[in-house]
Amino acid sequence: MNILGMTNADQAPDSSILPDAHLLWMQPDDFRTNVLKMLTLRIVDELSLNFNNFVYKDTDDKVRQYSIQLSSLGCLYLEYSDAIREGDGNRVLRCWRYMLPIFASSGCKNYAIEAFNLLLQHDYILPPQEAGQLIWGRFINVKGQPGHNIPNDLHMEHLNRILKQSISGLGANKSASAMQRVAQALGAISPFLRNFDEECKISQLKGVHNRQKAEQDMKIFLTELAPIVSLGHSRRHKTFTNPRDPLHMLSYSELNAWIEKHIT
C-alpha cells in the first residue's frame, strides 16, 4: 500500500503512481500486464532480498529485516512448488541454485550436498541427453491435466501405500508368492482404482475447507502488516533479536571453499 500511496485497502491508488487507475480495466490486456509487471517489480525490489547479489546490507530495523527474509524465502518455496506442478525442469534447477547456499549456510548438510550433486551432474558430469533426463524426468502427471505434476518420489510413496493396502487385504492368504503377484500387478491396480473411483463418483476425503470470502481477512492482514514493512529504527522481535539471512551468511569466497571441499 505504501508503494501505491494508500493508507488503507479501501483507498484508491495515488494518481501519480498509477494514473487513471479507475480506467485500467478498460485498457488492452498487454497494457494491464505491463502495469502489473511494473508494480510487481517495485514491490519485489523494496520488500524482498536481492537473490542475485552476495552483498547484504544490514539495518537496525530487525523487524522489517526479518519480515523481508521470511517473505523472500517463502516466495522461493512457492516458486519451487509451482515449478514442480508445471513440470518445469529449468525452473526447478534454478531454484536449487538459490537453495544451495541457503542449505550450506543453515547447517542442512545433506540437503546442501544433494543440491550440489544435482547441479554438478547437470552442468559438468552428465552428457547432454542424460542431463536433460535429469531435469525433465523428475515429474509425473497421473491426471493428464496442466499444472498437476507431482515429483516421482511422491508418486512412489503413493504406490507404496497402495501396495501395503493390497497386501493387508490378503489376510490369511498372505504368502511370499501372493505378495509378489500383488507387487507385479501394482502398475495396473493403481489406474484401475483411480478410474473406478472416478466412474462411480467416489470422492476421497480431503482436509480442505470450503473457500470463504477473504476481503475482510485481507483488510485485517494489510492493517497489521503495514507498520511491520514500513521503515523504523531499532525495532526488534523479542524472539528473533538479530535475524540472520541464510542466503547471505556465506561470502562468495566461503561458498567457493565449500564447493571445493566437497568436490574433492
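This is a predicted model: local features need pLDDT of at least 70, side-chain atom pairs count only at pLDDT 80 or more; totals for chains, interfaces and linings use all residues.

Biologist: How far does H6 reach from its first C-alpha to its last?
Modeller: Helices are DSSP runs of H or I with at least four residues, numbered from the N terminus. H6 spans residues 152-169, which is 18 residues. The expected span is 1.5 Å times one less than the number of residues. That gives 26 Å expected, and H6 comes close to it, at 26 Å.

Biologist: Which residues of H6 are buried?
Modeller: Buried means under 20% relative accessible area (1.4 Å probe, protein chains only). By that cut-off, the buried residues of H6 are His155, Leu159, Ile162, Leu163 and Ile167.
Within what arc do they fall? Taking directions from the helix axis to the C-beta atoms, the buried residues of H6 line one face, so their arc is 135°.

Biologist: Is lysine 62 buried or exposed?
Modeller: Lysine 62 sits in helix H2 (residues 62-86). Its relative accessible area is 4%. Lysine 62 is therefore buried.

Biologist: Which side chain makes a polar contact with the side chain of lysine 62?
Modeller: A polar contact is a pair of N or O atoms within 3.5 Å; within protein, one must be able to donate a hydrogen and the other to accept it, and residues adjacent in sequence count only if both atoms are side-chain atoms. The distance here is 3.4 Å, and the partner is glutamine 65.

Conventions: Residues are numbered from 1 along each chain as its sequence is written. Side-chain values use heavy atoms; hydrogens and water are left out. Helices (H or I, at least four residues) and strands (E, at least two) are DSSP runs, numbered from the N terminus. Buried means under 20% relative accessible area, exposed over 50%, partly exposed in between (1.4 Å probe, protein chains only).
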